[in-house]
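Biologist: I would be grateful for a close look at one part of this model, namely its pairs of oppositely charged side chains. Please set out where they sit and what surrounds them.

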Amino acid sequence: MGITVYSLGAAQEVTGSKHVFEINGRSFLIDCGAFQGKRKASDEKNRNFTFPADKLEAVILTHAHYDHCGLLPVLVRHGFDGNIYTTPATRDLANLVMMDSARIQARDAEYLTKQATKKGEKFTWQPIFDEKDCTKATDQMITLSYNRKMYISPDVQLEFFDAGHILGSAYAYITIKGLHGGLNAPSPLVSGGANEIRILYTGDLGRRNKPIIRDPSVNVPAPDYIYLESTYGNRRHEDKQFAMDELERIVHKAVEKKGKIIIPSFAIERAQELVYYLHLLADQGKIPAVPIYVDSPMATSATGIFGVHPECYDEETNEAFLKHHKNPFGFGALSFINSVDESKDLNKKDGPMIIISADGMCEAGRVLHHLANNIGDERNTILIVGYMAQDTLGRRIRDGEKEVKIMGDWYHVKAEVEQINAFSAHADYVECTDWLDSIDKSRLKQIFMVHGEPDAQDFFYKYLAEHGYNNVTIVKYGETYELE
């Protein structure tokens, strides 16, 4: 039985996660994510994605971030009608993420068409998928809870383990059976692994001691191969207490200046985590009663989904919700903004206030309007709390550029730019190595490194070698690797 693996995204880059394993030409896809970054380049990459639907037996979705689920509607539009396996929470969140993208694309097409018509030009750009495609993709999702085994093909078994990254995130643990003697041989099901190949796809690996969700699982059976993320392969995160202290300092500074804190945030996990920490600081009397606005309809909807998936909570959050009936995602100073008019009104109000708004990389969404209205005022603060891909507005602001283009206009950056790395949902290179040290490696033959920019992967590759992990391959786009 010939088994090959390759990647069509997140290979020497962070976004566009698509990893394939093939068994004698039969394909299985792990994640089907969109590329993110500079809008034109990302759109071209996403638009050019094709995969022969007749070769694809099944898709496995590790979690609901756009760079992991965002092209599932394109896949079904191209004819894929098979099963998409994921956890219950991921199904709910992925539906939200895909539908939000479809609506944004529809609005963009309408706006750009009007602009072109005004100039007497012909406009040809069209959305790459619509809401019907999203609905079809969601209809094809089969949910599988953590630590439950399912055969997704006669010779392929799937099990999800908690990745501790976002709500519902999972490692995909793949066991390929029947490697000798054909599929009808009795030994693979009882041999304890002699006739198996086991591949562990981490998706995005989370961090220990994050609020709300559980720690990444280390109780996984010994894999032969690991697909390991490396987003923060050359960077360390601060710890939770440092993050709390920094957040407290930044809020007090904004109050003194009567300024606004603009926090570009991913609508899923990051927004809820920020609300959780701000709630905690307010309860402890460490920050004054500053108005806090979550200006993202998607974040509001995602917060509702968090409320109906207690199976993903850690013990602390379970205690709050189930035993004390307290809502960690709602308190007196917090308001959720839904309408466009309410969003615009925030820019007319005086500070101090905190505005948490999507998109997390500042490439789209309401955060662009808040940045345009507030980045030129030295009383204000732009707080960076997550990963910013190359060539994004968020990356340029984070890197200290003094003038940036927002929605076609140039703005001087006079607001103070702060960064807190502790809010990242990705494990850093030390945390990834600690996780590797904690799992059973008795069968491990090879680590395939994905989800990282080249400089981060080069550093992490050397770091792993120094810590005894010598069989590491940095995966290149489209290059095939044979498994033994």
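**Charged pairs and their setting**

Modeller: Arg249 is partly exposed, its relative accessibility being 33%. The model is a predicted one, and the description below should be read accordingly. Side chains of opposite charge can pair when their charged atoms come close. Arg249 takes part in a salt bridge with Glu418, and the closest N and O atoms of the two are 3.0 Å apart. Because Glu418 belongs to strand 19 (residues 416-419) and Arg249 to helix 6 (residues 240-257), this contact ties together parts that are 169 residues apart in sequence. The two partners fall into separate accessibility classes: Glu418 has a relative accessible area of 12% and is therefore buried, since the limit for that class is under 20%, whereas Arg249 counts as partly exposed.

Elsewhere, salt bridges that share partners join Arg395, Arg398, Asp399 and Glu453 into one network.

The structure holds 28 salt bridges, and one of them joins Arg26 to Glu57, the closest N and O atoms being 2.5 Å apart. Here too, distant parts of the chain are linked: Arg26 is in strand 3 (residues 26-30) and Glu57 in strand 4 (residues 56-60), 31 residues apart. Both residues are partly exposed, Arg26 with a relative accessible area of 24% and Glu57 at 32% relative accessibility.

The setting of that pair is an open sheet of seven strands, in the order 6-5-4-3-2-1-22 and with mixed pairing. Its edges are strand 6 (141-143) and strand 22 (481-483), each of which pairs on one side only. From one strand to the next, the twist averages 25 degrees. Strand 4, which carries Glu57, pairs with strand 5 (residues 83-86) in the parallel sense over three bridges; Asn83 in strand 5 is the bridge partner of Ala58. Helix 4 (residues 88-118) packs on the sheet and touches strand 5 and strand 6, its direction making about 150 degrees with that of strand 6.

Methods. Residues are numbered from 1 along each chain as its sequence is written. This is a predicted model: local features need pLDDT of at least 70, side-chain atom pairs count only at pLDDT 80 or more; totals for chains, interfaces and linings use all residues. Side-chain values use heavy atoms; hydrogens and water are left out. A salt bridge is a side-chain nitrogen of Lys or Arg within 4 Å of a carboxyl oxygen of Asp or Glu. Helices (H or I, at least four residues) and strands (E, at least two) are DSSP runs, numbered from the N terminus. Buried means under 20% relative accessible area, exposed over 50%, partly exposed in between (1.4 Å probe, protein chains only). Two strands pair if DSSP finds at least two bridges between them. Axes are lines fitted to C-alpha atoms, for helices over the stretch in contact, and angles run from 0 to 180 degrees between N-to-C directions. Contact means heavy atoms within 4.5 Å.
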